[in-house]
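Please keep the structure in view while reading.

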Amino acid sequence: MNISPNRLILSLIVIALTLGIACASSATDTSALTASGAEASLEKQATAPANPAPVASAGTEASPEKTDAPVGGSNLNPMDTPVAASPSAGAVGSADAVPEKKTVPVGVFVGERPPDFAMLLLDGSTVTSEELALEGKPAFLMFFATW
Amino acid sequence: MKEIYPEFADDFTFYAVGTDPSERLDKLEAYREQEGHPWLVAEATGTMLKDLKVLVQSTKIGLDSQGVIIYRDGYGQGDEETWRQVFQELAASAAGG
């Protein structure tokens with residue numbers, strides 16, 4: 001059985017093309033599956049962190065209660081409200097959850113964050129409201145005069 | 001108040017802020033020593049008094065660890081029991097409560 005070289009080469013090319021198309025088709029199917037799998041995974045990730053969110057928002061929503069609270073010593077309940085935005089609360093949700101800072105309106109009443117202020121101390125240093133909050137150090141201010 | 005604060009001195013800082021611009025820190029400090037007050041004296045800078053709407057003497061403001069006001073009272077308001085409660089709240093705030 002004599003096969004001419006040209007015919008042999010042509011046959012090989014046809015076989016190679018057939019195999020190539022088959023492989024390419026298989027690869028496309030696989031990548032399509034992978035892509036859809038990744039989307040599904042992303043969707044899961046997008047919905048998963050939503051679980052701790054209600055905890056955070058619940059705390060944030062609780063803050064207006066503070067705002068509504070009347071000024072006075074009898075109202076100490078706002079401190080009982082869990083601070084949803086505390087670092088520990090953020091850490092519970094998921095590994096990539098970033099601790100949020102509690103959103104509080106600026107004002108001078110209970111439940112509000114006072115406007116920025118600065119005080120001069122005897123040693124010449126200055127303490128600002130921002131520093132106090134950053135250090136997480138509570139403060140009690142009493143305004144007085146010596147007379 | 002001066003009897004209660006020392007119990008909580010490690011938990012929060014008490015600042016007695018002068019309201020009379022003519023009374024500088026040295027005068028406030030002399031008064032503090034004379035009265036045996038266990039807190040720091042401070043002088044308001046800028047428009048702090050105006051911004052915080054400090055309109056009456058002996059206005060008191062408690063700020064929790066996040067800088068949020070948890071207590072505010074004016075002259076003649078509050079008593080030992082109230083302040084102890086406020087101080088406890090501030091201490092709890094410092095502890096992350």
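Just after α2(B), Gly36(B) adopts a positive phi of about 70°. The model is a predicted one. The points below treat the helix and then the contact between the chains.

- Helix α2 of chain B spans residues 25–35, and its buried residues are Leu25(B), Leu28(B), Glu29(B) and Arg32(B).
- These residues lie on the same side of α2(B) because they cover an arc of only 100° around the axis.
- An α-helix has 3.6 residues a turn, so residues three or four places apart point the same way.
- Asp26(B) and Gln34(B) are exposed, and they sit on the face of α2(B) turned away from its buried side.

**What the buried side packs against**

- In chain A, the buried residues of α2(B) pack against β1 (118–121) and β3 (139–144).
- In chain B, they pack against β1 (13–18) and β2 (40–44).

**The interface between the chains**

- Chain B contributes 56 residues to the contact, and chain A contributes 42 residues.
- About 4700 Å² is buried between chain B and chain A, and carbon and sulfur atoms give 66% of this area.
- The interface has zero salt bridges, while 20 residue pairs are in polar contact across it.
- Elements of chain B that each supply at least two residues to the side touching chain A include α2, β2 and α4 (80–94).
- Of this side, α4(B) gives the most, with eight residues.
- The residues on the side of chain B that touches chain A comprise 27 nonpolar, 14 polar and 15 charged.

Note on methods:
Residues are numbered from 1 along each chain as its sequence is written. Chains are lettered from A and ligands numbered from 1 in the order in which they are written. This is a predicted model: local features need pLDDT of at least 70, side-chain atom pairs count only at pLDDT 80 or more; totals for chains, interfaces and linings use all residues. Side-chain values use heavy atoms; hydrogens and water are left out. Buried means under 20% relative accessible area, exposed over 50%, partly exposed in between (1.4 Å probe, protein chains only). Helices (H or I, at least four residues) and strands (E, at least two) are DSSP runs, numbered from the N terminus. The arc is that of the directions from the helix axis to the C-beta atoms. Contact means heavy atoms within 4.5 Å. Buried area is the accessible area (1.4 Å probe) that two parts lose on being put together, summed over both. A salt bridge is a side-chain nitrogen of Lys or Arg within 4 Å of a carboxyl oxygen of Asp or Glu. A polar contact is a pair of N or O atoms within 3.5 Å; within protein, one must be able to donate a hydrogen and the other to accept it, and residues adjacent in sequence count only if both atoms are side-chain atoms. Ala, Val, Leu, Ile, Met, Phe, Trp, Tyr, Cys and Pro count as nonpolar, Asp, Glu, Lys and Arg as charged, and the others, Gly among them, as polar.
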